[in-house]
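Colleague: Could you take me through one part of this model, the surroundings of the ligand? I'm new to this, so please go slowly.

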Amino acid sequence: MKGLYTALVASAITGAFAAPTPTDQDVKPRAAAAACASAVTLTGNPFTAKSQVANKDYSEKVKAAAAQMSTNQAAALKVADVPTFLWIDRIAAIELIEPNLKDIPCDKLAAFVIYDLPGRDCAAKASNGELPAGDLATYKSKYIDPIVAIFKKYPNTGIVLVIEPDSLPNLVTNKDLQTCKDSADGYKKGVAYAFKSLNLPNIAMYVDAGHGGWLGWNDNLKPGAQMLASVYKDAGSPKQVRGFATNVAGWNSWDLSPGEFSKKTDAQWNKAQNEKQYVDLFSPALKTAGFPAQAIVDTGRNGVTGLREEWGNWCNVKGAGFGRRPTSSTSHTLTDAFVWVKPGGESDGTSDESADRYDSFCGKTESFKPAPEAGQWNQQYFEELVANANPKF
Ligand code: BGC
């Protein structure tokens, strides 16, 4: 009734124009369409009350890419509306946060990846970071602290974070590599610092937990869970850590059964043959270890399966297609949402053998070539993801 009353008064004031009758929605103050009117506290599954917003940087890249396409252009343009995570992959990228945070509507979530640990990507080369192993001081003061300062300016906006892909899983399975030994202390302390510092009421954090073909092996489940839990406890068990992220920038199917690698002889030692099974196995292991155990799963590039010889092959897999769209309707209690963490079209690593960050995984027969440096746009690869999207756009 209040709405109707306001509408009548408004039309009386403006006179007898044949203007459309304002509705309740029209008379809402403008600010209501922007951030929430009061401070946001994210509890439970953050993806149920709010949904993720498409980030502007990726949307722009996609629109520019679509403009160059002669086929599938309409389908490609739809990708611009899909929410992805914005990777803060270097100190200089911190400036991208605010433009993607300042006008988020109240019913939406902004989403970022925290990704700049010292000695990053210790078991590979493609994403070696800007900070050398050991330089935890810079990670804290020049990377995490400034990010926290920005987030503190937006208490009325919901934010979801994926914390440091690959880092803790590498400390479980690649701990004998010298580079990972050099990085180990910084990863543990760095992730704990991120957990503690980013523990703001309007933030929900998911720490990276690799994928089924990584920590899903029978022998890795428990040590993996203990690794995540020990860092979490070192941080003082911060409330806003909601759980773990799987399949980040990965290729595994959500629920293909039998799983993609089920026929391999070593499959007997891994019951996590798809990501759903992985979540079902890893979540209880985490609970036992004392870590909150809700999952989000990256389905951005898993539309096509059967492309890899080994499920450890991670670089620009040829023939891949965009996967299931982001949603909180997962039909799986332990999984909060399907998300697109890796923005499809951005490279996993360069195929240029002479480059410093060339990793032999990016030179495999099943890897798309030519491919630019990690994070750089790969137009042809994007076009392939669109053409092979499953479900189709
Ligand atoms: C790269 C980052 C990039 C991210 C998303 C990672 O592999 O190292 O630079 O931002 O992928 O494309």
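Modeller: One term to begin with: a residue counts as near a molecule if one of its heavy atoms lies within 4 Å of it. Also keep in mind that this is a predicted model. With that cut-off, the ligand is surrounded by Trp 87, Asp 89, Tyr 115, Ser 127, Lys 342, Pro 343, Glu 346, Ala 374 and Gly 375. Sort that shell by class and you get 4 nonpolar, 2 polar and 3 charged residues.

Now for some distances to the ligand's oxygen atoms. Asp 89 has a polar side-chain atom 2.5 Å from an oxygen atom of the ligand. For Lys 342, a polar side-chain atom sits 2.9 Å from a ligand oxygen atom. Then there's Glu 346, where an N or O atom of the side chain is 2.5 Å from an oxygen atom of the ligand. As for cover, the ligand on its own has 310 Å² of accessible area, and the protein covers 91% of that.

You'll find Ala 267 in the loop that runs between strand 6 (241–246) and helix 9 (275–289). Its relative accessible area is 13%, so Ala 267 counts as buried, the cut-off being under 20%. Setting aside neighbours within four places in sequence, Ala 267 is in contact with Phe 261, Ser 262 and Gln 273. Val 279 is 12 residues away from Ala 267 along the chain, and their C-alpha atoms are 17 Å apart.

Key. Residues numbered from 1 in each chain as written. Predicted model: local features only at pLDDT ≥ 70, side-chain atom pairs only at ≥ 80, totals over all residues. Heavy atoms only, no water. Polar contact = N/O pair within 3.5 Å; in protein donor to acceptor, adjacent residues only side chain to side chain. Areas by Shrake-Rupley, 256 points an atom, 1.4 Å probe, with all protein chains shown as cover. Nonpolar A, V, L, I, M, F, W, Y, C, P; charged D, E, K, R; others polar. Helix = DSSP H or I, 4+ residues; strand = E, 2+ residues; numbered from the N terminus. Buried < 20%, exposed > 50% of the residue type's maximum accessible area, 1.4 Å probe, protein only. Contact = heavy atoms within 4.5 Å.
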